[in-house]
Amino acid sequence: SIQGIDSTGRVTLVYSDAHNDPINKIINLSDNLVATGDDGGVVKLWDIRVGGSEVKNWDWHDDFVSGLCFNSDQNTLLSIGGDAILCAYDLRINSKRYNERTHKSNLASRSDDQEAELSCISLSKGGKKVLCGSQ
């Protein structure tokens with residue numbers, strides 16, 4: 001589950017059953033949007049204004065999500081995982097899940113296998129470069 005706690009320690013929101021697998025990464029994208037990643041490789045986008053509404057859901061990793069990063073200039077969410085893959089999701093595309101029939105999703109790009117699990121991610125050069133650490 002996901003819980004929001006205010007500055008007094010009071011729980012202000014609870015999203016029970018947010019993921020099927022344990023959540024291991026969370027990142028705040030704006031005052032209203034939060035992204036989460038889990039041990040099963042799923043990344044989700046949440047709008048806290050809508051009572052914990054899941055906005056988007058991506059299942060492109062074959063292993064756990066090890067990092068999340070957001071490029072606000074490009075409106076792009078980046079995820080890395082234990083599968084040694086970097087994924088970029090275009091948040092401007094209005095598609096909640098991958099559609100098998102039309103082959104459309106928010107996936108803007110997916111890297112080749114980097115042969116070692118990616119463990120950390122950061123932006124540099126004003127968001128034009130992505131840095132990833134590996135084992």
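**View 1. Cysteine 132 and its closest cysteine sulfur.** In this predicted model, the sulfur of cysteine 132 lies 7.5 Å from that of cysteine 120, the closest cysteine sulfur, which is too far for a bond. A disulfide would require the two sulfur atoms to be within 2.5 Å. Cysteine 132 is partly exposed, its relative accessible area being 35%. Cysteine 87, by contrast, is buried, with a relative accessibility of 0%.

**View 2. The hairpin of strands E11 and E12.** Strand E11 comprises residues 118-124 and strand E12 residues 129-134; the two pair in the antiparallel sense, with 6 bridges between them. Within this pairing, cysteine 120 is placed opposite glycine 133 of E12. The hairpin has 4 residues between its strands, and lysine 125 adopts a positive phi near 55°.

**View 3. The salt bridge between glutamate 54 and lysine 44.** Side chains of opposite charge can pair when their charged atoms come close. Glutamate 54 and lysine 44 form such a salt bridge, with 3.3 Å between the closest N and O atoms. Glutamate 54 belongs to strand E6 (residues 53-58) and lysine 44 to strand E5 (residues 43-47), so the contact ties together parts that are 10 residues apart in sequence. Glutamate 54 and lysine 44 are both buried.

**View 4. The salt bridge between aspartate 90 and arginine 92.** The closest N and O atoms of aspartate 90 and arginine 92 are 3.0 Å apart, and the two residues form a salt bridge. Aspartate 90 is buried, at 14% relative accessibility, whereas arginine 92 is exposed, at 55%.

**View 5. The salt bridge between arginine 10 and aspartate 6.** Arginine 10 is joined to aspartate 6 by a salt bridge in which the closest N and O atoms are separated by 3.4 Å. Arginine 10 has a relative accessible area of 54% and is exposed. Aspartate 6, with a relative accessible area of 25%, is partly exposed. The structure contains 4 salt bridges, among them those of arginine 10 with aspartate 6, glutamate 54 with lysine 44 and aspartate 90 with arginine 92.

Notes
Residues numbered from 1 in each chain as written. Predicted model: local features only at pLDDT ≥ 70, side-chain atom pairs only at ≥ 80, totals over all residues. Heavy atoms only, no water. Buried < 20%, exposed > 50% of the residue type's maximum accessible area, 1.4 Å probe, protein only. Salt bridge = Lys/Arg side-chain N within 4 Å of Asp/Glu carboxyl O. Pairing = 2+ DSSP bridges.
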